[in-house]
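Hi everyone, thanks for coming. Please have a look at the sequence and the model on the screen, and I'll walk you through some places in them.

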Amino acid sequence: MTSKTVAELLKADFKPQDIDIKGWVRTFRANRFIALNDGSSLQNIQCVVDFENTDEKILKRITTGAAVHIKGELIESQGKGQSVEIKVDQIAILGDSDPETYPIQPKKHSFEFLRENAHLRTRTNTFSAVMRLRSTLSFAIHKYFNDNGFYYMHTPIITGSDAEGAGEMFRVTGLDAKNPPLTEEGNVNYKEDFFGKETNLTVSGQLEAEAYAMSLGKVYTFGPTFRAENSNTSRHLAEFWMIEPEVAFMDLAGNMDLAEDFLKSVLKYVLEHNRADLEFLEQRLLDEEKTKPQAERSEMSLIEKLRFVIDNNFKRVSYTEAIDILKNSKPNKKKQFNYIIEEWGADLQSEHERFLVEKHFKCPVILFDYPANIKAFYMRLNEDGKTVRAMDILFPGIGEMVGGSQREERLDVLREKMKALDIDEEELWWYLDLRKYGTAVHSGFGLGFERLVMFATGMGNIRDVIPFPRTPHNAEF
Ligand code: 4AD
Ligand code: MG
């Protein structure tokens, strides 16, 4: 007798065989047909119970959600809709379910409802498909870097620095919130805290990755990052996973090439390895789109969108060109944007990014050379003295997918910049050391993993592509 998963049974060429299988009942119909799912595949396997020879008490306990252990025989299916099925010889109930209260009934549930039941939502086709794709994508990411000579490094989760300088950090402290030690001036005295200084959850592993790039050459991180930005949008999480490669001797053009090749490669990998899940999600998206007005429907299906990104060059556009396009655009002239673009220097909002990718270029866009004062302190200043070698990659339906840059490698310029932004040199003494000892051109970028999963699955809300989302006022589970 072999113990196999549903995926293994459905994949192999049919051979009649004795089967030992465990899983959860999706449905039980006519006191006879169990649709069994074990998570290994989108598909269920049909298990046919001989109800005349099965204890009535057991039959009653075969309900949606119950865990069961089945022994039987794999046979060619007698009915339509599946090629093989299991003729059940023995069935044991491993864990009962209560059909009255079990939240995941065999019917359509709203994503809001399923978010409230995030511990059970992967028992639906949509969420199991999304999470299998998420798993494949993260594997593809590690594979890409491994195949290309990068080292995987683990950057600290607790840090003392604010890498992005945006002040959106969660504090980490061991002090008594009610009665913290105070300085003479009456402020909380972090010298007495666990680390002897103020610490927070990291917003990015970049600064530490730079240190490793400047010795190991090519490195990447793939870990959780935390941002206390109070943006309750469908594209922001307070805890998300970020992939950050960092490469010595690589300039901004090389960085763009790397990011583009990397994105295409990992999307191609899921197209080749998760076909059934993708086809299911494509159909889900089509059904969802049918409920929208014609004008808002996407011209491409999910798989077409993935293919399009894989097969076409990303459009590379400077910030300055983008501002010209936006200034002369219809929604700007007709004042349809919430933020009207009036002059060079404006920070781009997501409405502008989406106009550029979805309406104007209709393909992924790499925007580069942004004004220095809307970007982080570590970006390489251009010869014009006012722009930096930054790049953002914008995707249709998503907006910003990647943010990266060539780093400022010149000690004096970096110091000036930090001084102007009031960043304490003593805090980042080690970061400055990298510019003192063997400095060199280097670059990297950060990819928000959940935004990539959104794109690959066609899911519209970032809360639905991470197992247990953390957002303002929500840390359940
Ligand atoms: O553009 P960001 O802030 O860049 C950095 O953190 C750099 N240190 C990266 C680097 O150069 N090594 O963030 C990078 C990406 C964004 O493009 C976006 O995809 C994602 O991280 N991101 C978020 N994803 C989900 N929720 C949030 N709150 C996010 N904030 C950023
Ligand atoms: Mg950014």
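I'll begin with the whole chain and then visit a few spots.

First, some ground rules. This is a predicted model, in which local features need pLDDT of at least 70 and side-chain atom pairs count only at pLDDT 80 or more, while totals for chains, interfaces and linings use all residues. Residues are numbered from 1 along each chain as its sequence is written, chains are lettered from A and ligands numbered from 1 in the order in which they are written, and side-chain values use heavy atoms, with hydrogens and water left out.

So, the overall picture. The protein chain has 14 helices and 17 strands; these are DSSP runs numbered from the N terminus, with helices being H or I of at least four residues and strands being E of at least two. Along its principal axes, the C-alpha trace spans about 85 × 55 × 45 Å. Of the 477 residues in the chain, 49% are buried. Here buried means under 20% relative accessible area, exposed means over 50%, and partly exposed is in between, using a 1.4 Å probe and protein chains only. The chain exposes about 24,100 Å², and carbon and sulfur atoms supply 49% of that. Those areas come from the Shrake-Rupley method with a 1.4 Å probe, and for residues only the protein chains shown count as cover.

What about contacts, meaning heavy atoms within 4.5 Å? Among contacts with a separation of 6 or more, 67% are between residues 24 or more positions apart.

Now let's go inside. How many of the nine residues of helix H14 are buried? Nine of the nine are, so this helix, residues 449-457, is largely enclosed by the rest of the structure. Among them you can find Phe449, Arg451, Met454 and Phe455. Just after H14, Gly458 takes a positive phi of about 75 degrees.

Another inside residue is Gln206, in helix H5, which covers residues 206-216. Gln206 counts as buried because its relative accessibility is 4%. Leaving aside neighbours within four places in sequence, Gln206 is in contact with Glu164, Glu244, Glu246, Tyr378, Arg407 and Tyr431.

Next, a pair of helices. H9 (residues 319-327) and H11 (residues 350-361) pack at an angle of about 80 degrees, with their axes 11 Å apart. That makes H9 roughly perpendicular to H11. For the angles, axes are lines fitted to C-alpha atoms, for helices over the stretch in contact, and angles run from 0 to 180 degrees between N-to-C directions; under 35 degrees counts as roughly parallel, over 145 as roughly antiparallel, 65 to 115 as roughly perpendicular and the rest as oblique. On the H9 side, Ala322, Ile325 and Leu326 meet His352, Phe355, Leu356, His360 and Phe361 in H11.

On to charges. The structure holds 27 salt bridges, where a salt bridge is a side-chain nitrogen of Lys or Arg within 4 Å of a carboxyl oxygen of Asp or Glu. In one of them, Lys268 pairs with Glu272, and their closest N and O atoms are 3.9 Å apart. These two are four residues apart in helix H6 (residues 252-273), so about one helical turn separates them. Lys268 is partly exposed at 38%, and Glu272 is exposed at 53%.

Is Arg380 buried or exposed? Arg380 is buried, with a relative accessible area of 10%, yet its salt-bridge partner Glu383, at 4.0 Å from N to O, is exposed at 64%. Salt bridges that share partners join Arg380, Glu383, Arg389, Glu408, Glu409 and Arg410 into one network.

Last stop, the surface. Ile157, Ile158, Phe194 and Phe195 make a nonpolar patch of about 410 Å². Patches are made of residues with over 30% relative accessible area and no salt bridge, joining like charges within 9 Å and nonpolar side chains (Val, Leu, Ile, Met, Phe, Trp, Tyr) within 5 Å. Phe194 sits in the loop between strand S9 (171-172) and strand S10 (199-201), and is exposed at 70%.

Conventions. Contact means heavy atoms within 4.5 Å.
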